[in-house]
Amino acid sequence: MKPLITDAPPAEPAPFEAPRLAPYAASSATSRGRRHPEPAPAHRSEYQRDRDRIIHCAAFRRLEYKTQVFVNHEGDLFRTRLTHSIEVAQIGRSIARALGLNEDLTEAISLAHDLGHTPFGHTGQDALNDCMRDHGGFEHNLQSLRVVDVLEERYAEFPGLNLTFEAREGILKHCSIKNARELGELGERFLLKRQPGLEAQVANLADEIAYNNHDVDDGLRSGLIDIDALRSVALFARQHDEVLQRYPRLAPRRAIHETIRRMIGWVVTDLIEHSRRLLQASGVQSIDAVRRHPTPLIDYSEAARTQTQELKRFLRQHLYAHERVQQVSAKAAKTVRDLFSAFMDDPRLLPPQYQDRLHDTAANDPAGRARVIADYIAGMTDRYAIREYTRLLNARDWA
């Protein structure tokens with residue numbers, strides 16, 4: 001890995017990168033490099049190569065059939081992990097450009113942040129973590145890193161996608177101290193309580209902005225939440241009032257789209273303007289200085305944070321905890337638990353490539369076997385998990 005020069009002046013722009021990156025932005029010219037050295041790409045930047053590898057990998061394609069809020073078969077128009085990731089990337093790029101940050105790196109992190117997510121959204125993650133409790137647990141951020149470092153098998157000279165340090169740093173948003181100790185320099189920031197680069201901070205909040213606002217859209221479309229209840233949320237009510245006043249004859253569905261568009265615009269604008277103030281006040285002049293700063297430098301104002309938290313509380317109470325969502329979640333959790341138990345009891349049920357991995361010395365103990373099975377289940381789409389559950393266990397839960 002090529003080390004960063006601490007607090008060095010910004011390097012000359014790397015080929016194929018924006019010529020006017022801010023001094024605290026990530027740059028290919030000062031990247032910490034890849035785990036396995038490779039020649040520099042000929043016609044794109046290092047972070048463009050990261051993005052392209054993510055888009056072409058199998059784990060990215062599988063996101064099309066993984067739950068965001070609603071299980072895939074519940075409707076064609078609801079968000080999936082794939083459409084959510086694309087929306088995060090769009091919001092992230094807009095913020096990065098406005099702040100003079102590296103758009104390509106922000107996009108790569110945004111597209112990769114959910115690669116390790118289980119089927120059935122957070123319900124599947126929680127169920128798999130319960131199954132893995134005696135075998136090291138399961139963290140979907142750590143699994144996303146595992147996908148890009150180990151599990152993808154596309155290249156002759158190295159396992160995984162061999163992404164840059166900065167992309168991997170951004171993918172690993174959260175990590176337990178125990179796991180951080182095993183991750184070398186990538187885990188150091190969790191042990192030393194340091195920040196990731198600004199592009200990673202942008203992708204993290206772009207994720208939050210995307211799912212908060214688009215879950216409103218999906219919740220209204222599903223009929224599980226209604227506008228009257230949602231108008232108790234200040235962020236929605238203010239934008240909705242403005243839309244109704246300006247477009248009194250607008251069809252209800254278009255009025256919702258216009259309201260959500262304005263909600264996103266207001267929060268993104270606040271985030272950009274407040275982050276500019278934080279960056280100016282901090283005096284940071286390098287990505288290393290960003291990492292050493294005691295607090296994140298990409299953030300909302302207090303007013304926007306308060307309204308965003310109010311919206312999140314509303315969604316938890318009225319959408320995520322809705323009886324219909326919980327009924328599906330219960331079936332999803334049972335599906336994950338029963339599949340895990342079935343594979344642990346009889347590994348011969350696993351596909352041949354996973355049985356091959358079980359023959360490795362490291363995977364021959366119960367913890368190793370459990371990790372291979374967790375890799376397999378985490379990689380499943382909703383519909384594949386349902387099909388395997390129905391086929392292997394002769395179950396009719398999803399009929």
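Select helix H16 (323–345). Its buried residues (under 20% relative accessible area, 1.4 Å probe, protein chains only) are Val325, Val328, Ser329, Ala332, Ala333, Thr335, Val336, Leu339, Phe340, Ala342, Phe343 and Met344. Helices here are DSSP runs of H or I with at least four residues, numbered from the N terminus. This is a predicted model: local features need pLDDT of at least 70, side-chain atom pairs count only at pLDDT 80 or more, and totals for chains, interfaces and linings use all residues. Residues are numbered from 1 along each chain as its sequence is written, and side-chain values use heavy atoms, with hydrogens and water left out.

Stay on H16. What covers its buried residues, by contact (heavy atoms within 4.5 Å), includes H5, H15 (302–320), H18 and H19 (382–393).

Next, select H5 (residues 121–131). Gly121, Gly124, Gln125, Ala127, Leu128 and Cys131 are buried there. Look down the axis of H5: its buried residues fall within an arc of 165°, so they line one face. The arc is taken from the directions from the helix axis to the C-beta atoms. Cover for these residues includes H3 (81–99), H6 (140–151), H16 and H18 (366–378).

Step back to Phe120, in the loop between H4 (103–112) and H5. Phe120 has a positive phi of about 65°, although it is not a glycine. Most residues other than glycine have a negative phi. Is Phe120 buried or exposed? Phe120 is buried, at 4% relative accessibility.

Now compare Lys193, in the loop between H9 (188–192) and H10 (198–222). Its phi is also positive, near 55°. Lys193 is exposed (over 50% relative accessible area), at 70%.

Turn to the salt bridges (a side-chain nitrogen of Lys or Arg within 4 Å of a carboxyl oxygen of Asp or Glu). The structure holds 38. Pick Asp50 and Arg34: their closest N and O atoms are 2.7 Å apart. Asp50 is in H1 (residues 46–56) and Arg34 in the segment before H1, 16 residues apart. Both are buried.

Then select Arg51 and Glu107, a salt bridge at 3.3 Å, N to O. This pair links H1 to H4 across 56 residues of chain. Both Arg51 and Glu107 are buried.

Finish in H13 (residues 252–282), where Glu258 and Arg261 are three residues apart, about one helical turn. Their side chains meet in a salt bridge of 2.6 Å, N to O. Glu258 is buried at 15% relative accessibility, whereas Arg261 is exposed at 52%.

Technical notes:
Helix = DSSP H or I, 4+ residues; strand = E, 2+ residues; numbered from the N terminus.
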